[in-house]
Amino acid sequence: MKLLENSNFEAVNSALSMDLENSNTHLDFRIESYSCKMAGNDKRLFKTLNEENREAPGGLQALSPPQAYGYTYSSSNPNDGNLMIGSHEEGGTLCDTISTKTLFYLISTLNASFNPDYDFSAAKSSEFSRETSLDWVEQNINSSLFAAAGDRFGAFKQQLWSAVDEEICLKECYIYSYNPDLSSDPFSEDGCIWSFNYFFYNVRLKRIVFFSCRASRNEAQDYDDGIETNMDTTEELMFTTDGSP
């Protein structure tokens, strides 16, 4: 995956990655655009995913249910983007699916964005969902950022979504979310309070916009608070109830 330069994205990233006021919380915000072009170790990862999933029905893998609304389907035909897990007699259920190639794009985007600190090569399709409502995704992102950054986000909201639409053409996009299991990634580490991760994938443009935000406790602030608390406790123990040493 190749990172595409976007000055509007860089400006918003700089403005919204910050320590929140009256809180020991840090907001790590990023929005990045990637070309779906294999580079570096991408070919090796794509080959590995193909080998691991060569027996998947129709080359499709099951996704987790979307975050929005729940999910219902009208067909069990894999060509319609749904997959029957188990037979009808066994009470099989329908689920959204993803091709190995698209899964590769999502994983490669994560690797490119967080390189070299984290490796998502072992991520499974079940850690991703397809979101069918653009309105719901926009509302979820806006409400999360308003709650965290308040008016500071409000000042950039219009600029943000205009830049995203110009870069990726939102109405043409497939939208995926990443909801990882507990593992060695930045979204499940100690100190992470909440996070969201969305991929806007435009097949025609062969491009993905990755939209991610993580709120985490400020370790430095926690450390300072701990020192202050320990000092206060020590001082209390040094004096008797009448204030004498």
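Me: Why is serine 129 called buried?
Reply: This is a predicted model, and in it serine 129 has a relative accessible area of 2%. Buried means under 20%, so with 2% serine 129 gets that label.

Me: Where does serine 129 sit?
Reply: Serine 129 belongs to strand β7, which covers residues 128–131.

Me: What makes the approach of the serine 129 side chain to the backbone oxygen of serine 64 a polar contact?
Reply: The distance there is 3.3 Å. The cut-off for a pair of N or O atoms is within 3.5 Å, so the serine 129 side chain and the serine 64 oxygen make it.

Me: Which residues is serine 129 in contact with, leaving aside its neighbours within four places in sequence?
Reply: Leu63, Ser64, Pro65 and Pro66 are on the list, and so are Ile175, Tyr176, Ser177 and Asn179. Contact here means heavy atoms within 4.5 Å.

Me: And why is aspartate 117 called exposed?
Reply: Its relative accessible area is 62%. Exposed means over 50%, so aspartate 117 with its 62% qualifies. You'll find aspartate 117 in the loop between α3 and β7. Aspartate 117 and proline 186 are 69 residues apart in sequence, with 8.9 Å between their C-alpha atoms.

Me: How do you know what alanine 148 touches, not counting residues up to four places away in sequence?
Reply: Heavy atoms have to be within 4.5 Å, and Leu20, Leu27 and Trp194 are the residues that alanine 148 touches. Alanine 148 is part of helix α4, residues 134–149. From alanine 148 to histidine 26 the C-alpha distance is 9.7 Å, though 122 residues separate the two in sequence.

Me: Now the largest pocket: how much space lies in it, and which residues lie nearest its centre?
Reply: About 390 Å³ of space lies in the largest pocket. Its lining has 18 residues, and nearest the centre are Asn41, Leu45, Asn111, Asp119 and Ser121.

Me: Which helix gives the most to that lining?
Reply: That's α2, with six residues. Both α2 (42–52) and α3 (100–114) supply at least two residues each.

Me: What makes up the lining of the largest pocket, in terms of nonpolar, polar and charged residues?
Reply: Seven are nonpolar, six polar and five charged. Leu counts as nonpolar and Asp as charged, so of the residues nearest the centre, Leu45 goes with the nonpolar group and Asp119 with the charged one.

Note on methods
Residues are numbered from 1 along each chain as its sequence is written. This is a predicted model: local features need pLDDT of at least 70, side-chain atom pairs count only at pLDDT 80 or more; totals for chains, interfaces and linings use all residues. Side-chain values use heavy atoms; hydrogens and water are left out. Helices (H or I, at least four residues) and strands (E, at least two) are DSSP runs, numbered from the N terminus. Buried means under 20% relative accessible area, exposed over 50%, partly exposed in between (1.4 Å probe, protein chains only). A polar contact is a pair of N or O atoms within 3.5 Å; within protein, one must be able to donate a hydrogen and the other to accept it, and residues adjacent in sequence count only if both atoms are side-chain atoms. On a 1 Å grid over the protein atoms alone, a cavity is a set of points where a 1.4 Å probe fits but cannot get out, and a pocket is an open set with protein on both sides within 12 Å along at least five of seven lines; lining residues have an atom within 4 Å of a point. Grid points are joined across faces, edges and corners, and a volume is the space filled by probe spheres set on the points.
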